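Here are my notes on this model, as numbered points. Please read them with the structure open.

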Amino acid sequence: MKAGAAPPSAQARMLRSWLFVPGDSERKQHKALASAADVVILDLEDSVAPDKLPEARECVGRLLGMRARASGPQLWVRVNAPASGLMRADLDAVFAGGAPAGVVLPKVSAPAELAEAAKHLDMLETQAGSPARSTRLLIIATETPRGVLTLPQYPAALGGAPAILGRLAGLTWGAEDLAAALGASGRRDASGALTFTFQFARSSCLLAAAALGVQALDGVHTDFRDAQGLQGELMSARRDGFSGKLAIHPDQIGPINAAFAPTAAEREHARRVVAAFAATPGAGVVSLDGRMIDRPHLLQAQRILGGEP
């Protein structure tokens with residue numbers, strides 16, 4: 001796949017809700033697995049104290065081994081950042097139990113950092129007898145200032161790197177680590193809107209994901225008791241083109257799934273758009289209900305229908 005060659009709808013089923021859970025808490029893991037999340041992210045990074053990391057690796061590996069063929073949410077693992085020196089050991093320990101569906105890479109500062117992770121995954125998949133590039137990657141791309149500034153480089157850098165792009169499931173953004181790196185005292189203005197710097201990071205992530213043809217996932221809403229604030233973020237995310245959202249609590253999963261599920265009316269209209277183009281092969285513009293619609297309308301319809309068989 002070349003950068004920009006296909007919209008996210010051309011990929012596998014959209015994964016709307018991504019729930020973080022500490023890698024060293026079996027109680028919280030079992031609660032997360034009972035939720036309706038599309039993905040449970042077993043965390044070996046921020047939610048695990050450094051002295052608990054060996055225990056967390058063992059716990060995550062054990063869970064992956066137990067649920068290798070189980071139904072329910074996909075199991076992904078957030079490892080430590082490529083620059084931390086811990087990433088390879090995280091991956092080795094995880095694969096000792098069983099291959100996860102995907103790996104979340106945090107604090108990525110440049111697309112070149114993805115090569116190390118992809119190469120190590122190639123080796124681990126070969127050793128495990130897993131299909132090549134079966135372990136996907138989700139990149140948290142805005143947690144460092146350099147990461148934000150290098151996002152425009154992703155399409156060109158990864159377009160010529162099929163070993164990486166073939167694994168890439170999506171990009172997401174985060175504000176907490178970026179705020180700390182900047183020394184920012186807040187991320188929102190008096191009206192509650194993101195300030196320019198954080199809006200820039202969010203928009204850069206969205207644009208890079210669209211250029212690559214992968215999912216763009218909105219970052220976490222950190223106050224899990226604030227249902228109204230979550231709903232506002234979900235409305236904004238769906239309006240702007242994000243197709244899913246990270247979560248930190250099971251109570252956030254229902255609203256997230258509902259927000260990113262197309263309505264029956266949207267699906268029906270999308271089917272009619274696709275049918276109109278199918279009836280006129282090769283056409284760049286067709287007529288539907290007295291209106292002229294063009295290729296962008298077809299791409300949007302395919303995006304809406306992406307989860308249908």
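1. Start with the hairpin of β9 and β10. Two strands, β9 (residues 285–288) and β10 (residues 291–294), pair in the antiparallel sense over 4 bridges. There are 2 residues between the strands, and Asp 289 takes a positive phi near 55°. Val 285 has Asp 294 in β10 as its bridge partner. Keep in mind throughout that this is a predicted model.

2. Next, the barrel. It is closed by 8 strands in the order β1-β2-β3-β4-β5-β6-β7-β8, with parallel pairing. From one strand to the next, the twist averages 25°.

3. Strand β7 (215–218) deserves a look. The pairing of β6 with β7 is parallel, over 3 bridges, and Leu 171 has Ala 216 as its bridge partner in β7. The pairing of β7 with β8 is also parallel, over 2 bridges. In a regular strand, side chains alternate between the two faces of the sheet. In β7, Gln 215 and Leu 217 point one way, while Ala 216 and Asp 218 point the other way. All four are buried. Helix α9 (residues 196–212) lies across β6 (168–172) and β7, at about 160° to β6.

4. Asp 218 has a charged partner to check. It stands opposite Lys 245 in β8. Both residues belong to a network of salt bridges that also links Arg 188, Arg 202, Glu 233, Arg 239 and Asp 240.

5. Gly 170 sits in strand β6. Is Gly 170 buried or exposed? Its relative accessible area is 0%, so Gly 170 counts as buried. Beyond its neighbours within four places in sequence, Gly 170 contacts Leu 137, Leu 138, Ile 139, Val 214 and Gln 215. Arg 225 is 55 residues from Gly 170 in sequence and 27 Å from it in space, C-alpha to C-alpha.

6. Glu 113 is buried, yet has no salt bridge. A polar atom of the Glu 113 side chain does lie 3.0 Å from the backbone nitrogen of Ser 109. Leaving aside neighbours within four places in sequence, Glu 113 is in contact with Pro 82, Lys 107, Val 108 and Arg 146.

7. The salt bridge count comes to 23. One of these joins the side chains of Lys 107 and Glu 45 (2.4 Å, N to O). This pair links distant parts of the chain, 62 residues apart: Lys 107 is in the loop between β4 and α4, and Glu 45 in the loop between β2 (39–43) and α2 (53–66). Lys 107 is partly exposed at 22% relative accessible area, whereas Glu 45 is buried at 7%.

8. Glu 58 and Arg 62 meet at 3.6 Å, N to O. Both are in helix α2, 4 residues apart, about one turn of the helix. Glu 58 is exposed at 55% relative accessibility. Arg 88 and Glu 116 meet at 3.2 Å, N to O. Here Arg 88 is in helix α3 (residues 87–97) and Glu 116 in helix α4, 28 residues apart.

Methods. Residues are numbered from 1 along each chain as its sequence is written. This is a predicted model: local features need pLDDT of at least 70, side-chain atom pairs count only at pLDDT 80 or more; totals for chains, interfaces and linings use all residues. Side-chain values use heavy atoms; hydrogens and water are left out. Buried means under 20% relative accessible area, exposed over 50%, partly exposed in between (1.4 Å probe, protein chains only). Lys and Arg count as positive and Asp and Glu as negative; His and the chain ends are not counted. A salt bridge is a side-chain nitrogen of Lys or Arg within 4 Å of a carboxyl oxygen of Asp or Glu. A polar contact is a pair of N or O atoms within 3.5 Å; within protein, one must be able to donate a hydrogen and the other to accept it, and residues adjacent in sequence count only if both atoms are side-chain atoms. Contact means heavy atoms within 4.5 Å. Two strands pair if DSSP finds at least two bridges between them. Axes are lines fitted to C-alpha atoms, for helices over the stretch in contact, and angles run from 0 to 180 degrees between N-to-C directions.
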